[in-house]
Amino acid sequence: MPSLAPAPFTVYAVCSAVLSLEMLFLGGFTAATRAKHKGFLNPEDGAVAFGDARLVEGAEHPDVARIQRAHRNLNESLPMFFALGLIAIFAGASPLGTQICCGVFTGARVMHAIVYINALQPWRTIFFAIGLLSLVGLIVLTMLALFGG
């Protein structure tokens with residue numbers, strides 16, 4: 001059955017789902033990497049840890065810390081995307097522009113996490129900037145819809 005939602009909302013909803021799955025993946029990947037390096041955060045977790053697992057006190061293993069930084073970075077930008085995407089749609093911003101900004105933001109954020117985890121510069125900065133420019137694009141489209149005449 002075809003969706004009755006307008007195209008910009010459909011694209012926004014799909015992008016929101018992809019980004020939410022990315023957040024869930026990064027959380028699970030953090031835990032899996034921590035287990036790989038035989039670390040745990042809570043004493044009770046040691047009861048289910050096997051072998052020579054250790055309680056992580058202070059610094060995480062560098063691999064775990066890198067994934068956590070990628071996760072936090074995504075977490076910082078998602079509230080803006082969720083809000084700005086909806087505001088652009090409700091303000092009647094350009095449908096094509098809104099779809100492009102949402103899609104580009106999503107692609108950039110997925111790629112940003114991949115290159116962040118793999119320590120690939122300058123790609124990390126490039127994908128961060130593309131995502132940031134997509135958010136600015138949503139702001140500009142919204143302002144044009146509201147005040148552009």
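Predicted model: local features only at pLDDT ≥ 70, side-chain atom pairs only at ≥ 80, totals over all residues.
Reader: What is the secondary structure of the protein chain, and what pattern does the chain follow along the sequence?

Author: The secondary structure comes to five helices and two strands, and read along the sequence these elements follow the pattern α-β-α-β-α-α-α. Of the 149 residues in the protein chain, 34% are buried, and among contacts with a separation of 6 or more, 75% join residues 24 or more positions apart.

Reader: Why are H1 and H3 called roughly antiparallel?

Author: The axes of H1 and H3 come within 10 Å and cross at roughly 165 degrees. An angle over 145 degrees counts as roughly antiparallel, and H1 and H3 are therefore described as roughly antiparallel to each other. H1 passes H3 in a left-handed crossing, and the residues of the contact of H1 with H3 divide into 17 nonpolar, nine polar and three charged.

Reader: What makes H3 roughly parallel to H5?

Author: H3 and H5 pack at an angle of about 20 degrees, with their axes 9 Å apart. Angles under 35 degrees count as roughly parallel, so H3 is roughly parallel to H5. The crossing in which H3 passes H5 is left-handed. On the H3 side the contact includes Arg 66, Asn 73, Met 80, Phe 81 and Leu 84, and on the H5 side Phe 128, Leu 135, Leu 138 and Ile 139 are among the residues that take part. By class, the contact of H3 with H5 divides into 12 nonpolar, three polar and two charged residues.

Reader: How do you know that H4 and H5 are roughly antiparallel?

Author: The axes of H4 and H5 come within 8 Å and cross at roughly 160 degrees. With over 145 degrees as the cut-off for roughly antiparallel, H4 and H5 are therefore placed in that class. Their crossing is left-handed. Among the residues that meet here are Gly 97, Thr 98, Cys 102, Phe 105 and Tyr 116 in H4, and Trp 123, Phe 127, Gly 131, Leu 135 and Leu 138 in H5. The contact of H4 with H5 has 15 nonpolar, six polar and two charged residues.

Reader: Which residues have the most contacts inside the largest nonpolar core?

Author: They are Phe 81 and Leu 138, in a core of 20 residues. The elements that give two or more residues to this core are helix H1 (7-36), helix H3 (62-91), helix H4 (95-117) and helix H5 (123-147), and H3 provides the largest share, seven residues. Leaving out residues up to four places away in sequence, Phe 81 touches Tyr 12, Cys 15, Ser 16, Leu 19, Cys 102, Phe 105, Thr 106, Leu 135 and Leu 138.

Reader: Why is Thr 98 called buried?

Author: Thr 98, which lies in helix H4, has a relative accessible area of 1%. Buried means under 20%, and Thr 98 is therefore buried. Beyond its neighbours within four places in sequence, Thr 98 is in contact with Pro 8, Ala 88, Ile 89, Ala 93, Leu 138 and Leu 141.

Reader: What makes Ala 35 partly exposed?

Author: The relative accessible area of Ala 35 is 44%. Buried requires under 20% and exposed over 50%, with partly exposed in between, so Ala 35 is partly exposed. Ala 35 has its place in helix H1, and its C-alpha atom is separated by 9.6 Å from that of Val 64, which is 29 residues apart from Ala 35 along the chain.

Reader: What sets Ala 119 and Pro 122 apart in their backbone geometry?

Author: Most residues other than glycine have a negative phi, and most peptide bonds are trans. Phi of Ala 119, however, is near 55 degrees, a positive value in a residue other than glycine, and the peptide bond from Gln 121 to Pro 122 is cis, with omega near 10 degrees. Ala 119 is found in the loop between H4 and H5, and Pro 122 lies in the loop between H4 and H5 as well.

Reader: How do you know that Ala 119 is partly exposed?

Author: Ala 119 has a relative accessible area of 48%. Exposed begins over 50% and buried lies under 20%, so Ala 119 is classed as partly exposed.

Terms used. Residues numbered from 1 in each chain as written. Heavy atoms only, no water. Core = buried A, V, L, I, M, F, W, Y, C linked by side-chain atoms within 4.5 Å. Buried < 20%, exposed > 50% of the residue type's maximum accessible area, 1.4 Å probe, protein only. Helix = DSSP H or I, 4+ residues; strand = E, 2+ residues; numbered from the N terminus. Contact = heavy atoms within 4.5 Å. Axes fitted to C-alpha atoms, helices over the stretch in contact; angles between N-to-C directions. Parallel < 35°, antiparallel > 145°, perpendicular 65-115°, else oblique. Left-handed = near helix turned anticlockwise from the far one by under 90°. Nonpolar A, V, L, I, M, F, W, Y, C, P; charged D, E, K, R; others polar.
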